[in-house]
Amino acid sequence: MTIIQADKTLDCKGLACPMPIVKTKKAIDELLAGQVIEVQATDKGSLADIQGWARNTGHQYLGTVHEDEVLKHFVRKANANEVKEEMKHPHSITNEELQKKIENKDNLTILDVREPAEYAFNHLHGAKSIPLGELEQRVHQLNENDDIHVICRTGSRSDMACQLLTAKGFKQVTNVLPGMSGWTGPTEKIN
């Protein structure tokens with residue numbers, strides 16, 4: 001079994017990228033089909049990242065074990081006939097375009113799918129917080145006819161959230177890129 005530690009961030013073409021996914025993609029390419037990789041992380045958001053990535057690529061998420069502050073995620077490499085090309089949500093908007101919509105007071109819902117601690121320290125005014133790992137269970141808290149703009153730190157979790165919402169019948173779902181890592185407009189925090 002291959003074990004990787006994935007609790008840091010890496011610069012990805014000018015954007016911060018979650019290490020669990022970046023390192024996992026590289027490490028899983030070196031495995032044979034059917035082999036299992038253990039991804040160790042301390043970030044609670046890594047659970048939703050790994051689950052979503054596995055679902056989108058055809059690899060099998062086996063489960064996560066919590067040991068003290070470490071999350072150990074187990075993923076089985078798919079056979080060649082099981083692998084799916086990683087999809088991206090077809091509708092996106094830049095941070096600047098979203099900022100203009102906010103300034104124009106357009107009727108939209110901003111959904112922040114980061115973890116509660118990320119949201120608490122830095123979020124957009126009026127953004128609804130539903131972490132990606134809870135979205136499927138809390139989808140009823142959103143109106144499927146609203147114009148929903150989904151944001152996370154880098155656009156990765158928000159992309160997975162957009163795909164999930166679209167699959168659940170939501171009609172107007174847009175991914176915000178690059179997300180909070182590149183946001184220059186006003187933000188709020190929870191005191």
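## Helix H3 and its surroundings

Helix H3 is followed by Lys-105, whose phi is positive, near 55°. Helices here are DSSP runs of H or I with at least four residues, strands are runs of E with at least two, and both are numbered from the N terminus. The model is a predicted one, in which local features need pLDDT of at least 70 and side-chain atom pairs count only at pLDDT 80 or more, while totals for chains, interfaces and linings use all residues. Residues are numbered from 1 along each chain as its sequence is written, and side-chain values use heavy atoms, with hydrogens and water left out.

H3 spans residues 95-103, and Asn-95, Leu-98 and Gln-99 in this helix are buried. Buried means under 20% relative accessible area, exposed means over 50%, and partly exposed is in between, with a 1.4 Å probe and protein chains only. Viewed down the axis of H3, the buried residues fall within an arc of 105°, so they line one face of the helix; the arc is that of the directions from the helix axis to the C-beta atoms. An α-helix has 3.6 residues a turn, so residues three or four places apart point the same way. The cover over the buried residues of H3 includes strand S7 (92-94), strand S10 (147-151) and S11.

## Overall composition and confidence

The protein chain contains six helices and eleven strands. Of its 191 residues, 46% count as buried. Among contacts in the protein chain with a separation of 6 or more, 68% come from residues 24 or more positions apart, a contact being heavy atoms within 4.5 Å.

The average pLDDT of the protein chain is 85, and 88% of the residues score at least 70; pLDDT is the predictor's confidence in each residue, from 0 to 100. Over residues 6-19 the pLDDT is below 50, although this stretch has 31 contacts in the model beyond near neighbours in sequence. Where pLDDT is low, the predicted coordinates should not be read in detail.

Strand S5 (residues 60-67) and strand S6 (residues 70-76) run antiparallel and are joined by seven bridges. Two strands pair if DSSP finds at least two bridges between them. Gln-60 stands opposite Arg-76 in S6. The two strands S5 and S6 form a hairpin with two residues between them, and Asp-68 in the turn has a positive phi of about 55°.

S6 also runs antiparallel to strand S4 (residues 36-41), to which six bridges join it. One of the positions involved is Ile-37, whose bridge partner in S6 is Val-75. Six of the seven residues of S6 are buried, so this strand is largely enclosed by the rest of the structure.

## Salt bridges

The structure holds seven salt bridges, each defined as a side-chain nitrogen of Lys or Arg within 4 Å of a carboxyl oxygen of Asp or Glu. Among them is the pair of Arg-114 and Asp-112, whose closest N and O atoms are 2.7 Å apart. Both Arg-114 and Asp-112 are buried.

Glu-118 and Arg-157 also meet in a salt bridge, at 2.9 Å from N to O. Glu-118 lies in helix H4 (residues 116-121) and Arg-157 in helix H6 (residues 156-167), so the pair ties together parts that are 39 residues apart in sequence. Glu-118 counts as partly exposed at 21% relative accessibility, whereas Arg-157 is buried, with a relative accessible area of 6%. A further salt bridge joins the side chains of Glu-136 and Lys-168, at 3.3 Å from N to O. This pair links distant parts of the chain, with Glu-136 in helix H5 (residues 132-138) and Lys-168 in the loop between H6 and strand S11 (172-177), 32 residues apart. Both ends are partly exposed: Glu-136 has 41% relative accessibility, and Lys-168 has 40%.

## Cysteines

A disulfide is counted as a pair of cysteine sulfur atoms within 2.5 Å, and by this rule the count comes to zero. For Cys-152, the closest cysteine sulfur is that of Cys-162, 9.0 Å away, which is too far for a bond. Cys-162 is likewise in no disulfide, its nearest cysteine sulfur being that of Cys-152. Cys-152 counts as buried at 0% relative accessibility, and Cys-162 counts as buried at 0%.
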